[in-house]
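Biologist: Please go through this protein with me. I would like each label set against its definition.

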Amino acid sequence: MTTTASTTAPIADARALGLAHYAARGVLEHVLARHGATFQQQVALRAAVTADAPRTPNDLVTEVRGSLKADPTDIRATLDELLAKQLLVADGAHLRPTDAGRELIAAVGAETAPITARIWGGISAEDLTAAGRVLALVAARANAELAALAA
């Protein structure tokens, strides 16, 4: 019996990972655009909103850089944008989210929740567990390679 590509499960690779990432990110960016926010702004604001205590700008730059691998100068510009939009506020040496910043994160979460449920719905716990293990391993290895390249 000949197996065709349409009946064979795809093998996870860098391309498949990238396509899944950009498809999911495209959904989020579409929602964010309705709120006048960018992906990087949302990542930085979420870091501030979910922090246990107010964070310094350097703390937020480090966290966002760890997530996005973005240039620190660009991340600082993003923090300035969030301050200008009054989604973050300076509190001495720290930045903290404003009520408007918290409301934006909550609104985006509420809008994306049903979409996320449709995207992830019906995937077995076993498949999600296996995918989680593989993605964690790929991320750890890629982070190690990036650190070696930067050294």
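Biologist: What makes a stretch of this protein count as a helix or a strand, and how many of each are there?

Modeller: Helices (H or I, at least four residues) and strands (E, at least two) are DSSP runs numbered from the N terminus. By that rule the protein has 6 helices and 2 strands, in the order α-α-α-α-β-β-α-α from the N terminus on. This is a predicted model, where local features need pLDDT of at least 70, side-chain atom pairs count only at pLDDT 80 or more, and totals for chains, interfaces and linings use all residues. Residues are numbered from 1 along each chain as its sequence is written, and side-chain values use heavy atoms, leaving out hydrogens and water.

Biologist: How do you know which elements have the highest and the lowest mean pLDDT?

Modeller: pLDDT is the predictor's confidence in each residue, from 0 to 100. Helix H4 (residues 72–84) has the highest mean among the elements, 98, and helix H6 (residues 125–150) the lowest, 95. The protein averages 94, with 95% of the residues at 70 or above.

Biologist: Over which residues does pLDDT stay under 50?

Modeller: Over residues 1–5, for which the model has 1 contact (heavy atoms within 4.5 Å) beyond four places in sequence. Where pLDDT is low, the predicted coordinates should not be read in detail.

Biologist: What makes a residue buried, and what share of the protein is buried?

Modeller: Buried means under 20% relative accessible area, exposed over 50%, and partly exposed in between, with a 1.4 Å probe and protein chains only. Buried residues are 21% of the 151 in the protein.
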